[in-house]
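Here is a short briefing on one structure. Please look over the sequence and the model first; the notes follow by topic.

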Amino acid sequence: MNYDKIMEEIRTFCEDRDWRQFHNPKDLASALSIEASELQEIYLWKNPAEVDDVSKKKRDQIEQEIADIAIYLLDLVDVLDIDLEKVIQEKLEQNRKKYPVEDAKGKNLKYDEL
Ligand SMILES: [Mg+2]
C-alpha cells in the first residue's frame, strides 16, 4: 500500500466535498466505531462453522466494511496529525513487553493473566 497516495486520495475526497468541516475527531472516532460494528454485524450470532462460510459468501461486504474502517482511521490520523507508523511501532514495542514470547506463545490470556 502506498500510504502517502492513499492519504492524499482521502484528503482530496473530503476537501472536494467540503466535508472537512464535519470530520472532527469526535465524529471520526464515532464513524470508525460504527463501521467496525457493521463488520461485526456480518458475523453476529454465527457459530464457528458459519463464520468460515460467511467469510467466503460475504467477502465483498466484508471488504467494503474493512475499507470504511481504514478510511475513517486514516482520516482521523490525518486530522489529528498523528505519525501512524511511529505510534504503531511504539505500541508493538509495548505489546512485546506485555506479552513476552516465552510467556504468551500459544496462549489466549490477557497480559495480567500470564
Ligand atoms: Mg460501512
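A residue counts as exposed when its relative accessible area is over 50%, as buried when that area is under 20%, and as partly exposed in between. Trp45, at 77% relative accessibility, is therefore exposed. The model is a predicted one.

**Magnesium site**

- Four protein residues donate to the magnesium ion: Glu35 (OE), Glu38 (OE), Glu65 (OE) and Asp68 (OD).
- Along the chain, the donors of the magnesium ion follow the spacing E-x2-E-x26-E-x2-D.
- Glu65 and Asp68 both sit in helix α4 (residues 59–79). They are three residues apart, so about one helical turn separates them.
- An α-helix has 3.6 residues a turn, so residues three or four places apart point the same way.
- Glu65 is buried, at a relative accessible area of 10%. Asp68 is partly exposed, at 27%.

**Helix α1**

- Helix α1 spans residues 3–16, which makes 14 residues.
- From first C-alpha to last, α1 reaches 20 Å, close to the 20 Å expected at 1.5 Å a residue.
- Met7, Ile10 and Cys14 are the buried residues named for α1. Viewed down the axis of α1, its buried residues fall within an arc of 65°, so they line one face of the helix.
- Asp4 and Asp16 are exposed on the other side of α1.

**Loop residues with positive phi**

- Most residues other than glycine have a negative phi.
- Trp45 is not a glycine, yet has a positive phi of about 70°. Trp45 is placed in the loop between α2 (25–43) and α3 (48–57).
- Asp81 is not a glycine either, and its phi is positive at about 55°. The loop between α4 and α5 holds Asp81.
- Asp81 is exposed, with a relative accessible area of 69%.

**Salt bridges**

- The structure holds ten salt bridges.
- Arg11 and Asp78 meet through their side chains in one of them, at 2.8 Å from N to O. Arg11 belongs to helix α1 and Asp78 to helix α4, so this pair ties together parts that are 67 residues apart in sequence.
- Arg11 is partly exposed, at a relative accessible area of 24%.
- Lys26 pairs with Asp27 in a salt bridge, with the closest N and O atoms 2.8 Å apart. Lys26 is exposed at 57%, whereas Asp27 is partly exposed at 34%.
- Lys57 pairs with Asp53 in a salt bridge, with the closest N and O atoms 3.1 Å apart. Lys57 is exposed at 66%, and Asp53 is partly exposed at 35%.
- Both Lys57 and Asp53 lie in helix α3, four residues apart, about one turn of the helix.
- Through salt bridges that share partners, Glu8, Arg11, Arg20, Asp75 and Asp78 form one network.

**Nonpolar surface patch**

- Val79, Leu80, Ile82, Val87, Ile88 and Leu92 make a nonpolar surface patch of about 430 Å².
- Helix α5 (residues 84–98) gives the most to the nonpolar patch, with three residues.
- Val87 is found in helix α5. Val87 is partly exposed, with a relative accessible area of 33%.

**Sequence and spatial distances**

- Asp112 falls in the segment after α6 (101–104). At 53% relative accessibility, Asp112 is exposed.
- Asp112 and Asp16 are 96 residues apart in sequence, and their C-alpha atoms are 47 Å apart in space.
- Asn95 is placed in helix α5. At 27% relative accessibility, Asn95 is partly exposed.
- Asn95 and Leu109 are 14 residues apart in sequence and 13 Å apart in space, C-alpha to C-alpha.

Definitions and conventions. Residues are numbered from 1 along each chain as its sequence is written. This is a predicted model: local features need pLDDT of at least 70, side-chain atom pairs count only at pLDDT 80 or more; totals for chains, interfaces and linings use all residues. Side-chain values use heavy atoms; hydrogens and water are left out. Donors are N, O and S atoms within 2.8 Å of the metal (3.2 Å for Na, K and Ca); water is not among the atoms, so sites may look incomplete. Helices (H or I, at least four residues) and strands (E, at least two) are DSSP runs, numbered from the N terminus. Buried means under 20% relative accessible area, exposed over 50%, partly exposed in between (1.4 Å probe, protein chains only). Patches are made of residues with over 30% relative accessible area and no salt bridge: like charges are joined within 9 Å, nonpolar side chains (Val, Leu, Ile, Met, Phe, Trp, Tyr) within 5 Å. Accessible areas come from the Shrake-Rupley method with a 1.4 Å probe; for residues, only the protein chains shown count as cover. A salt bridge is a side-chain nitrogen of Lys or Arg within 4 Å of a carboxyl oxygen of Asp or Glu. The expected span of a helix is 1.5 Å times one less than its number of residues. The arc is that of the directions from the helix axis to the C-beta atoms.
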